[in-house]
Amino acid sequence: MTESHRPAFARVLCPTDFSEFSTAALTYAAALAASYGSALRLLHVLTPFPIVPPLVDVPGGAQLYESQRLQGQQALEAEAARVRRPGLSVDVELRDGSAVHEVLTAAREWQADLIVLGTHGRGGVERLVLGSVAEKVLRKATCAVLAVPHDAIARAAGAARITHVLCAHDGSEASAAGVGYAVSLAGTPGAKLTLVSVVESLPYGGDFTGPDFA
């Protein structure tokens with residue numbers, strides 16, 4: 001694959017809930033953005049609490065929500081300042097609504113080439129929610145998605161660096177496109193790329209003449 005045909009990431013979108021898992025994902029996002037010369041955008045989605053009777057007239061509800069928005073904006077700016085460096089363009093976006101919908105909409109509207117997000121949240125219900133968000137974004141996104149698992153936190157303590165890329169290939173068109181991304185990610189000096197293809201064994205007595213086996 002020639003250099004001109006390798007996928008590039010001009011715009012990297014990193015959703016965050018400010019948890020340690022999102023912090024690790026942002027470290028990877030910033031490292032990739034710096035490596036590719038990409039623009040990096042941090043996104044936080046503020047999900048409003050449902051206001052239904054008899055809570056609709058709760059005093060201070062509007063002020064509480066505005067306070068949450070201000071805190072979210074300040075936290076975004078702080079995270080951007082943490083990873084910003086010479087040559088790396090970083091901006092922030094705060095959106096309201098459903099996390100999955102807003103992440104996908106933001107990626108589409110900004111024409112992101114890559115979404116980088118953590119697979120877990122802060123804990124308890126939030127952990128389950130962010131896990132669900134990551135899974136749904138992986139299934140529905142129309143651009144590439146890098147999901148950073150919770151055990152990557154220790155490795156992301158410093159500047160994240162990709163040294164070994166494992167790419168699974170099943171012969172499909174989508175899988176072939178994945179190889180292009182794998183080659184691009186493993187293009188840094190000293191990085192290693194391993195391609196893996198798995199042939200599933202049939203149960204004893206199965207049909208060895210069918211097209212699937214062939």
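Guide: Tyr36 is partly exposed, at 25% relative accessible area. The terms are set by relative accessible area: buried is under 20%, exposed over 50%, and partly exposed in between (1.4 Å probe, protein chains only). The model is predicted, so local features need pLDDT of at least 70 and side-chain atom pairs pLDDT 80 or more, while totals for chains, interfaces and linings use all residues. Residues are numbered from 1 along each chain as its sequence is written, and side-chain values use heavy atoms, without hydrogens and water.

Visitor: How many aromatic pairs does the structure hold?

Guide: A pair of aromatic rings is described by the distance of the centres and the angle of the planes. Rings of Phe, Tyr and Trp (its six-membered ring) pair with centres within 6.5 Å; planes under 30 degrees apart are stacked, over 60 edge-to-face, and the rest tilted. There are two such pairs here. Phe9 and Tyr36 are edge-to-face, because their centres lie 4.8 Å apart and their planes at 70 degrees.

Visitor: Which parts does the pair of Phe9 and Tyr36 tie together?

Guide: Helices (H or I, at least four residues) and strands (E, at least two) are DSSP runs, numbered from the N terminus. Phe9 precedes β1 (11-15) and Tyr36 belongs to helix α1 (residues 20-36), so the pair ties together parts 27 residues apart in sequence.

Visitor: Is Phe9 buried or exposed?

Guide: Phe9 is buried, with 3% relative accessibility. Phe9 also forms a stacked pair with Tyr181, at 5.9 Å centre to centre and 20 degrees between the planes.
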